[in-house]
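Please look over the sequence and the structure first.

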Amino acid sequence: ETVAQPGPDRILRSVVSWWPPFKQFLGEKRNISWSDIKDDLHFQTLLGDFLFDVDNAKQQANIRFSNTLQCGEPAPAILATQQQLYYGMSSSLPAPSEYLPAKQTVDTIVAQANVSSTAFVQSPIYQAR
């Protein structure tokens, strides 16, 4: 999903996540919206179905579970997820004056996301040069 408007000041160009394909799966294959999910068990059942769907099985690599994921069973509790962030930087090796404010903004967004456990952002561009 696009997370910033085009232009020279945008921090993120896009984010690749399992969430948009999951929402699409719900709409196209289950005829429901994510807001129709009733409780944790309902979510875990739908997530398990999604992760074994032929078009979405590749998303399994982006989620770590508390136990083994099994076909036909509700997904175990999620321990961690991974998303890919694509920055709208001026180059693939931007100067610290460009990427440090971007990192601070992304870290702030993640911190304010109200996740129930530890969340962090890591990228090669954050490494000191």
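**Contacts of Q44**

Leaving aside residues up to four places away in sequence, Q44 touches P74, A75, P76 and A77 (contact means heavy atoms within 4.5 Å). The model is predicted: local features need pLDDT of at least 70, side-chain atom pairs count only at pLDDT 80 or more, and totals for chains, interfaces and linings use all residues. Residues are numbered from 1 along each chain as its sequence is written, and side-chain values use heavy atoms, with hydrogens and water left out.

**Helix 2**

- Q44 lies in helix 2 (helices are DSSP runs of H or I with at least four residues, strands are runs of E with at least two, and both are numbered from the N terminus).
- Q44 has a relative accessible area of 19%, so Q44 is buried (under 20% is buried, over 50% exposed, partly exposed in between, with a 1.4 Å probe and protein chains only).
- Also buried in helix 2 are L46, L47, G48, F50 and L51.
- The cover over the buried residues of helix 2 includes helix 1 (19-29), strand 2 (63-65) and strand 3 (78-81).

**Whole chain**

- The chain has three helices and four strands, in the order β-α-α-β-β-β-α along the sequence.
- Of the 129 residues in the chain, 28% are buried.

**Confidence**

- The chain has a mean pLDDT of 81 (the predictor's confidence in each residue, from 0 to 100).
- Confidence is highest in helix 2, at 97, and lowest in strand 4 (residues 84-87), at a mean of 75.
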